[in-house]
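Open the model in your viewer and colour it by chain.

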Amino acid sequence: MSVAGLEFALIILILVSAVITAMLRDTLASIIVFGAYSLGMAMLWVVFRAPDVGLTEAVVGAGVMTPLLLLAITKLGREDVERVFAKIRWGPLLGVSVLVVLLLLTVPALPEVGDPDSPTNTHVAPYYIENAYEETGFVNIVTAILVGYRGLDTFGEVTVVFAALVSVLAVLRREELI
Amino acid sequence: MKRRPYRESVIVYTTVRLLAPFVLAFGLFITLHGATSPGGGFQGGAIMAAVFFMLAFAFGFHTTRGWMGEAPVKWLVGGGLALFGLMALASLALEGSFLDYHPYEALTGIGVKYWGEIVEVAIGLVVSGGLVGLFFLVWGGMDPEEPGPGSEGPVPEEGEAS
């Protein structure tokens, strides 16, 4: 199968699982289909040659979010549902469709994927590509940028993880984690 | 629908016991190998946290909580952040810039790459500890029938007749 065909198949998988996730009435079934959606996204990132993002999507989307959501529904309890899919409400669907069409209209204005003259590829990216290995010794340029050139951003992200945990503790009014 | 009580499943139990060491090793590999292959602290840390989720689902909440205890999560999250901060700040003492790893190379002769790896490990610690902590908070945090060891159950609203 050609790469374009594979991309097409994955995009179909993602779109179908996303719609089913939104439509299913049973929360457990919805969570399972959401896992399939994450898997499709992860595979698409790998096809787009972004294995770091693909790995993150697979781990966080399918590996971490699914258990957390499952845990949440064991707390909430499941309702008996008489119908598999929710009723479609046409008003909101029309509104969302208009928004999607408007956003899709802007897509042709974006530079082509991999265009060497696009703004993202003409500022700092050439410097990173030319100097990352010599300056950091990292073969994986993503890591070189993550902990080297953009180390301050990463420091901020890690602080956000820390702050998230502390704020959940504060919201639940607990002083112990476990 | 009534919530069904938790029952141990032999299939889940056995699969988790077989898989857990390998998944943990994969998480460590991803964390430590971020410099040369896809991955790094964020992904590796999340995989290591997922191992813990697997164990918790297979062996039950109380057993896993008993193994883990409170302290490791605190030390993972706080220690990881402190390690990252130390790596960022110690450079200033060696007349480098904030988050610059080159002074360490000049001081010790060990390549910049390995100092960056320490930062990756620090990220992995914070992410794995943070996710495990959130998992336990979601699990035990809001259930009045199953309060954590330090909680006094739900806090009553002020002025509520009791």
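A polar contact here is a pair of N or O atoms within 3.5 Å, in which, within protein, one must be able to donate a hydrogen and the other to accept it. By that rule, ten residue pairs with both members at pLDDT 80 or more are in polar contact across the interface of chain A and chain B. Bear in mind that this is a predicted model.

**Stop 1: the interface.** Select the residues of each chain that contact the other: 47 in chain A and 61 in chain B. About 4700 Å² is buried between the two chains, and carbon and sulfur atoms give 75% of that area. The salt bridge count between chain A and chain B is zero.

**Stop 2: the chain A side.** Next select helix 3, helix 5 (125–136), helix 6 and helix 7 of chain A; each gives two or more residues to the side that touches chain B. Helix 3 of chain A has the largest share, 15 residues.

**Stop 3: the largest nonpolar core.** This core has 47 residues, and B:Phe84, B:Tyr101, B:Ile123 and B:Phe135 have the most contacts inside it. Among the helices that each supply at least two of its residues are helix 3 (51–76) of chain A and helix 4 (71–93) of chain B. Helix 6 of chain B gives the most, with 13 residues. From chain A, domain 1 (1–80) and domain 2 (116–178) each contribute at least three residues.

**Stop 4: B:Ile123.** Which residues does B:Ile123 touch, not counting those up to four places away in sequence? They are A:Val147, A:Thr154 and A:Val158 in chain A, and B:Gly41, B:Phe42 and B:Phe84 in chain B.

**Stop 5: a second core.** Finish with a separate core of six residues, including B:Val16, B:Leu55, B:Ala58 and B:Phe59.

Technical notes:
Residues are numbered from 1 along each chain as its sequence is written. Chains are lettered from A and ligands numbered from 1 in the order in which they are written. This is a predicted model: local features need pLDDT of at least 70, side-chain atom pairs count only at pLDDT 80 or more; totals for chains, interfaces and linings use all residues. Side-chain values use heavy atoms; hydrogens and water are left out. A nonpolar core is a set of buried Ala, Val, Leu, Ile, Met, Phe, Trp, Tyr and Cys residues joined through side-chain atoms within 4.5 Å. Buried means under 20% relative accessible area, exposed over 50%, partly exposed in between (1.4 Å probe, protein chains only). Helices (H or I, at least four residues) and strands (E, at least two) are DSSP runs, numbered from the N terminus. Domain bounds come from an automatic or database domain assignment. Contact means heavy atoms within 4.5 Å. Buried area is the accessible area (1.4 Å probe) that two parts lose on being put together, summed over both. A salt bridge is a side-chain nitrogen of Lys or Arg within 4 Å of a carboxyl oxygen of Asp or Glu. A polar contact is a pair of N or O atoms within 3.5 Å; within protein, one must be able to donate a hydrogen and the other to accept it, and residues adjacent in sequence count only if both atoms are side-chain atoms.
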